[in-house]
Amino acid sequence: MNTLYLVYPKKLGTIAPEIYGHFSEHIGGVFYDGLWVGKDSDIPNINGFRKELVEKLKAIEPPVLRWPGGCFAEIYDWRDGIGEDRPTRTNWWTPYDHRYESNEVGTHEFAELCELIGAKAYFAANLTSVTPLHIRNWMDYCLSPRGTTTLAKEREKNGHPEPFDIPYWGVGNENWGGGGNMTPEYYANEYRRFATIMRNLSPMQMFACGSDAFDYSWTDGFCRNLTMASKNVMGRLVDGFSMHYYCGAAGDPVAFTEAEWDQMMLQAGKMEDIIERNWHIISGYGLDKNMKLVIDEWGCWHPDGSGPSKGYNLFEQQSTMRDAVVSALTLNIFNRHCDKIKMANVAQLVNNLHALFLASGEHCITTPTYHIFDMYKGHKGAEAIDAVFTADDGKLSVSASEKDGKTLVTIANLTYGEDIEVMLSGVGSCIPEKGIIRVLAAEDPHAHNTFDAPEAVKPFTVEADLTKPVKVPAAGVVAVEF
Ligand code: AHR
């Protein structure tokens, strides 16, 4: 048996609610037939957005939603998405994607979605194919007070007199790849140019394009070049470093083997190392005060074709208990490193990689990953506390936090087939005799939800006697609250 010590005097920092953020790109079925069904649809909707999805998403209290990409952001012209007559364009993903971009969802619709679900908006601005003035005008359109500028008046004419609430702006996306194939030095110069023009209009937070997975040379090159100009000035021009880490694939999304399960856990666990190494570099340049980590794309990236659309929706994948355990493991890592992380956005919300929802026509179901976000929501805004196992054999992942006198401990069992018992013990505070435990587990690690069996995987709640060990089922996750 393993004992888990909750070391109450050792606080790790406050868990920013935005660590539980989401990402929605104009790609495949994320918007069209996913989030957006259109105002005239027979499918129940709120001003065009799928009602069932809006309600289920709201229930997990999403703190922030990133938009419009991804790669799509780097060819997006915000003017296409406002007003009555909207052009149809190629998407960044054309011809891999079967859809053309109708621009039915634009700035107003997206901002309204954020209002509906109670999330803050995070706009990813195009750095590759427009000018800084173009983005500044978008900001003017969105943020200028009612009745002031010509663009604010245009916004009013289009139905929104008051400014939109958009506190976060990304400056480019994956500029080491789809966003212009830049070197870190070139990107740092471009960042300076855009960020200076953008910040001068508004004090909103700006995030620079960070590294891809293990590419620390990007982090080093960007920080070096940025601080060459003037550390004091540049430190104030950047509020976040947007890194991406997809832990990839290991076998089939659904019919994986036990060895492939283990492989996936190993790949997902690398997130911790990536966070630590990037943080070392950022701190070395003295940028750690302002520039915290924003992991604005993360998740598994399985081969296409396993989702309900059978490959029609680009990147749509089925999501099993394995993806749920990867989610739990990743969120535990974020909680433990909350002193370094400002935001994280799982990619992507619906009908795509590591999704929380699968939807089409009248169907709308939640994946096992959705339930992890629900079970973990008590961590948002809480103080992370240190939690250590006596036997640290890599079979379990944990994080713990305390808020308003309540403790939440989330434990993921990373093994394919071994139930593990864990005894909770407090340092600096006693563990009460009784608690509530929510469990997400299935007989079979391949279990997943489908349109025909939408509740094959869902959590259950039990009252627990905490004087006895807590059972963490194989390939399962528990959330203990007391
Ligand atoms: O999430 C899909 C794509 O993955 C995004 O558009 C891009 O930023 C990343 O490469």
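**Reading strands, helices and rings in a predicted model**

Trainee: Which residue in β5 stands opposite H22?

Mentor: The model is a predicted one, and in it H22 stands opposite L65 of β5. The partner strand is β2 (residues 21-23), which runs parallel to β5 and is joined to it by two bridges.

Trainee: With which other strand does β5 pair, and over how many bridges?

Mentor: Strand β6 (residues 120-125) pairs with β5 over four bridges, in the parallel sense. Within this pairing, V64 stands opposite K120 in β6. From β5 the chain passes through helix α2 (residues 107-117) to reach β6, a β-α-β crossover that is right-handed.

Trainee: How should I read the two faces of strand β5, and are its residues buried or exposed?

Mentor: The general idea is that side chains in a regular strand alternate between the two faces of the sheet. In β5 (residues 64-67), V64 and R66 lie on one side, L65 and W67 lie on the other, and all four are buried. Both faces of the strand are therefore covered. R66 also lies over the face of F23, at 4.7 Å from the ring centre.

Trainee: How is a pair of aromatic rings described, and how many such pairs does the structure hold?

Mentor: The description rests on the distance of the ring centres and the angle of the planes. This structure holds 30 aromatic pairs. For W138 and W169, the ring centres are 5.4 Å apart and the planes stand at 85 degrees, so the pair is edge-to-face. The cut-off behind that label is a plane angle over 60 degrees.

Trainee: Which parts of the chain does the pair of W138 and W169 tie together?

Mentor: W138 belongs to helix α3 (residues 132-143) and W169 to strand β7 (residues 168-171), so the pair ties together parts that are 31 residues apart in sequence. W138 counts as buried because its relative accessibility is 1%. W169, at 0% relative accessibility, counts as buried too.

Trainee: What is the geometry of the pair formed by Y191 and F222?

Mentor: The ring centres of Y191 and F222 lie 5.9 Å apart with planes at 85 degrees, so this pair is edge-to-face. Y191 is in helix α5 (residues 184-199) and F222 in helix α6 (residues 216-237), so the contact ties together parts 31 residues apart in sequence. Both Y191 and F222 are buried.

Trainee: How does the span of helix α8 stand against the expected one?

Mentor: Helix α8 (residues 321-336) has 16 residues, and its first and last C-alpha atoms are 23 Å apart, close to the 22 Å expected at 1.5 Å a residue. Of its 16 residues, 15 are buried, so α8 is largely enclosed by the rest of the structure.

Trainee: What lies at the start of α8?

Mentor: There, a side-chain oxygen of T320 comes to within 3.0 Å of the backbone nitrogen of R322. R322 in turn lies over the face of F256, at 4.0 Å from the ring centre.

Trainee: Which side chains does S399 contact?

Mentor: S399 has its place in strand β15 (residues 396-403). Its relative accessible area is 2%, so S399 is buried. The side chain of S399 makes a polar contact of 2.7 Å with that of N332, and a polar contact of 2.9 Å joins it to the side chain of N335.

How values were computed. Residues are numbered from 1 along each chain as its sequence is written. This is a predicted model: local features need pLDDT of at least 70, side-chain atom pairs count only at pLDDT 80 or more; totals for chains, interfaces and linings use all residues. Side-chain values use heavy atoms; hydrogens and water are left out. Buried means under 20% relative accessible area, exposed over 50%, partly exposed in between (1.4 Å probe, protein chains only). Two strands pair if DSSP finds at least two bridges between them. A crossover is right-handed if, with the strands pointing away from the viewer, the path from the first strand over the helix to the second runs clockwise. The expected span of a helix is 1.5 Å times one less than its number of residues. A polar contact is a pair of N or O atoms within 3.5 Å; within protein, one must be able to donate a hydrogen and the other to accept it, and residues adjacent in sequence count only if both atoms are side-chain atoms. Rings of Phe, Tyr and Trp (its six-membered ring) pair if their centres lie within 6.5 Å; planes under 30 degrees apart count as stacked, over 60 as edge-to-face and the rest as tilted. A charge sits over a ring if NZ of Lys or CZ of Arg is within 6 Å of the ring centre and within 35 degrees of the ring normal.
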